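Hello,

Here is the structure we talked about handing over. Please load it first; my notes come after it.

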Number of protein chains: 2
Amino acid sequence: MTLSFTLQKTHGMARAGVVHTAHGDIPTPVFMPVGTAATVKGMTVEMLESTGAPIILSNTYHLMLRPGAERVEKLGGLHTLMRWKKPILTDSGGFQVMSLGDLRKITEDGVTFKSHLDGTPYHLTPERSMDIQHKLDATITMAFDECTAYPATHEQAKASMERSMRWAARSRGAFVKREGYGLFGIQQGSMYEDLRHASTAALTDIGFDGYAIGGLAVGEGQDMMFSVLDYAAPALPVDRPRYLMGVGKPSDIVGAVARGVDMFDCVIPTRSGRFARAYVPGGELNLRNACHTDDPRPLQEDSDCPASQYSRAYLHHLVKADEMLGAMLLTWHNVHYYQTLTRGLRQAIMEGTLEDFIAAFEERQAKGPKSP
Amino acid sequence: MTLSFTLQKTHGMARAGVVHTAHGDIPTPVFMPVGTAATVKGMTVEMLESTGAPIILSNTYHLMLRPGAERVEKLGGLHTLMRWKKPILTDSGGFQVMSLGDLRKITEDGVTFKSHLDGTPYHLTPERSMDIQHKLDATITMAFDECTAYPATHEQAKASMERSMRWAARSRGAFVKREGYGLFGIQQGSMYEDLRHASTAALTDIGFDGYAIGGLAVGEGQDMMFSVLDYAAPALPVDRPRYLMGVGKPSDIVGAVARGVDMFDCVIPTRSGRFARAYVPGGELNLRNACHTDDPRPLQEDSDCPASQYSRAYLHHLVKADEMLGAMLLTWHNVHYYQTLTRGLRQAIMEGTLEDFIAAFEERQAKGPKSP
C-alpha cells in the first residue's frame, strides 16, 4: 500500500485530514519548510522538530548536482543523511530546471541543462526524475512536469499542460511503489479553467496518491490565484491530499485552505529569516530597522518558540552585527509561526470555527504588525 | 559575599573545584566558550546548554561599541539579553584595545582608541571598564590590564606589568561588590619568572576573588607557555580559581590543567567550526577535504552531542554548499568536544587517575585524528 489519506473533517471547502506515510503521519493543513540542499537553511533538526513541522521538502535539482543522487543513496538516503526521520517530499527538478532560461533546452523527451554550479550538462526526464527521487528516498515523489510560464496564451498553456500530462503518465510508469511512499501528480493549465479541468481529468485518469496544483504563485497576484483555486482545488479528488506548490505568505495560506488546499511549501519563512524579517501576528517586521534598537519586548510574546522570546533589541543587535544567530533565530521563529498558523487552521476546521479564525486573522492583519 | 571557590581535590599540581556564583556553580577545570558580541557564534542557547558549558565569556570591547553598555543595562543585562541564565565572565576590554595598534594611545590614565566599526573615539580606564562590566551584569569581572606585547625585554615587561598592577588596584577600588559576583586580577610579567612573582605579590596584596594568568598564548609556543606555567600557576593562591586567558588547543588545556590551571577560554573551537574544522580524538579534521566526500562514518561516534552523529559526507556536503548548518554543527560539536575534555580532566582528578587520562590523550594524539 502506498501512502494513504484520511479526510477527517470539512468546513465549507476547507479540509482537515491526515496523510499516513512510511515515515509517520502528516496532519493537514500542513506547511512544509524548504530544505533545498538537504538542510533547512540555518536550522538544526532539533530546532525544526521543536516547531512541530511534520514534513519537510527538499529539491531534486540541487541534490542531483550536489552531492548527487547516487551518493545520497549510498549514504542511506535523505532521511539518514539529514538525520530527519519524518516524511520528506521532493520536487521533481522541473521547476528549477525551467527557470534556468538559456541554460536549458526542452524536448518531448525531457530537459537538457547545464549545472549552475560548474556548467556540467545534465538530461532530466520523467524517468530520471523518478529514479533520482527514489534514490533520495523521498516519502512523497512529485511527477516531472513543466511549470507553465506566466503569462501564457491559451494555446501555450494548453500545449505545456498536455506535455506535462504525458510526462505525468511516464512518471507514473517509472515510479517504483513502496509501502507508505507515494507519487503526486501536478495539475497545470495556467489561469484557464477549461485547461485546469482537462489537466485534472488527465491526472485522475492516470491515478496518483495525491494531487498538486502547479503553475500558481508565479506573479499572477493573490486575487487571481484565489480565483483559479476556486475551481482548481475542488476539482481534485476529495479522497486525496491537495498540495499548492510554492505558496506562500500567511494570507495566501489562509485563503487557500479556505478553498480546499491541504499542503503548502515556500521559501518565504526561511528566506525572510535570513533577511532579518519576522512574521508576527498582523504582518512582517524588519528587525534591521532602527526602531527596534531599544525595544525590550519579545519578538512575539504569545509564542511557545524559544526564538520568539528574545527581545527585538537583541535581534536587531544580532542583525546589525551580522551574527549568524540573528538569521538562525528569525528563521526558527518564522518556521514556528507558519506551523502555528497551519495548526490553528486545522484546529478551527476540526472545531467548525474557521470563519472566526479567518475573521480574527484578517482583523489582525488590518491592524499591522506593530500594534500591541 | 562575593563569589567563592571550593577546592575539592588535587592531584599533583592539578586541581578540581567549584566556583560558586550568583548564577550557579562552575565545576572546574572548565572551558568557557567565547560569545564575543553577546552570542557564541552559530549556537543557540539550547545548543550551548546541551554541551554542558557552565559559563561563557563575552567581550567588553565589542559590547561597549555595539550595542553599548548603557543599552545592555537598560535591556536587563547580558543574561537577560542573551537568555543565558548561567554565569558570564567578561574580559576588561584591554586585550582587544591593545591590539588596535595605530588606532589606540596608552597613557597612565588608560587607553584612548577609535572604534574599528565607525572610528568613534573612546576612552577606556580601569574605572570605566569596571563600570561597563557592571552594566553588562558580568558574573565575573576582569581587572583592566595591559596584555604585554611579545617578545618584550625585561625592562618593557616590568614597566608594562607594573602599570597593570596600578590599574588592578584602581579596578579593585572601582568594582562594586555584589553577592555571588566577583573580580579577578590578572598576573602579567611576560616570560620572566621574577616579574610573574612580583605581579602575583602585587595582586594578592590587593586581593581578588580569582586570579588570571595573562600575557600567554601570544606566540611564545606551547613549550615556553608550559615552562612559564610551571612557576606562574602554583604561585597563585590555592584557595582561589586560576584562569589562563585565551588558551587554547586541547593539548594546551591538558598541559595547563596538569600545571594547576582551573579555567580557560579560547575562540578556537568556535572559529574552527566556522572554518570547517572539527576536533576529534587524536586531533583535527578539515571537513572541506575531498577525502570526506563519501565517508558515511559519524564525525565522532563516541560522542553524545547530536552534531557529532552526522556523517562526515554530510558535513562535507554542507561545507561545500556553503550552508550555515555546516558551521553550526561543527561549532556545536567542537564546543561539546571541549566540554567533554574538561569534564574528563575533572573526573580524572577527582578519581586520582590523571596520569592515565593524560597518557591516553597523548597516545591518541600521536595516532592522529584519522585512525579508527
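Conventions. This is a predicted model, where local features need pLDDT of at least 70, side-chain atom pairs count only at pLDDT 80 or more, and totals for chains, interfaces and linings use all residues. Residues are numbered from 1 along each chain as its sequence is written, while chains are lettered from A and ligands numbered from 1 in the order in which they are written.

Domains. Chain A splits into domain 1 (4-265) and domain 2 (273-366). The bounds come from an automatic or database domain assignment. Their centres, taken over C-alpha atoms, are 27 Å apart. Contact joins 26 residues of domain 1 of chain A to 24 residues of domain 2 of chain A. (Two residues are in contact if their C-beta atoms, placed from the backbone, lie within 7 Å.) On the domain 1 side, the elements giving two or more residues are β1 (4-11), β2 (14-21), β3 (24-28), β4 (30-33) and α10 (250-258) of chain A. Helices here are DSSP runs of H or I with at least four residues, strands are runs of E with at least two, and both are numbered from the N terminus. α10(A) gives the most to that side, with 6 residues. By class, the domain 1 side has 15 nonpolar, 8 polar and 3 charged residues. (Nonpolar is Ala, Val, Leu, Ile, Met, Phe, Trp, Tyr, Cys and Pro; charged is Asp, Glu, Lys and Arg; the others, Gly among them, are polar.)

Chain pairing. Chain A superposes on chain B by a rotation of 180° with 0.0 Å of shift along the axis, RMSD 0.0 Å. That is the relation of a two-fold axis. In chain A, the C-alpha nearest the axis belongs to A:Met324, 4.0 Å from it. At the interface, 31 residues of chain A are in contact with 31 residues of chain B. On the chain A side, α3 (69-74), α12 (312-320) and α13 (324-351) give two or more residues. The largest share, 5 residues, comes from α12(A). That side has 16 nonpolar, 6 polar and 9 charged residues. 100% of the interface residues of chain A are also interface residues in chain B, so the copies meet through the same surface.

Helix α8(A). Residues 193-206 of chain A form this helix of 14 residues. From first C-alpha to last, α8(A) reaches 20 Å, close to the 20 Å expected at 1.5 Å a residue. (The expected span is 1.5 Å times one less than the number of residues.) A:Leu195, A:Arg196, A:Ser199, A:Thr200 and A:Leu203 are buried. They cover an arc of only 140° around the axis, which puts them on the same side of α8(A). (The arc is that of the directions from the helix axis to the C-beta atoms.) The face turned away carries the exposed A:Asp194, A:Ala201 and A:Asp205. (Buried means 20 or more other C-beta atoms within 10 Å of the residue's own, exposed 12 or fewer, partly exposed in between; C-beta atoms are placed from the backbone.) The cover over the buried residues includes α7 (154-174), β11 (182-187), β12 (210-213) and α9 (222-232) of chain A. A:Gly207 follows α8(A), with a positive phi near 90°.

Loop residue. B:Leu287 sits in the loop between β16 (283-286) and α12 (312-320) of chain B. B:Leu287 counts as buried, with 25 C-beta neighbours inside 10 Å. Leaving aside neighbours within four places in sequence, its contacts include B:Ala276, B:His292, B:Leu315 and B:Leu330.

Best wishes

Methods. Copies are superposed by least squares on the C-alpha atoms of residues with pLDDT of at least 70 in both.
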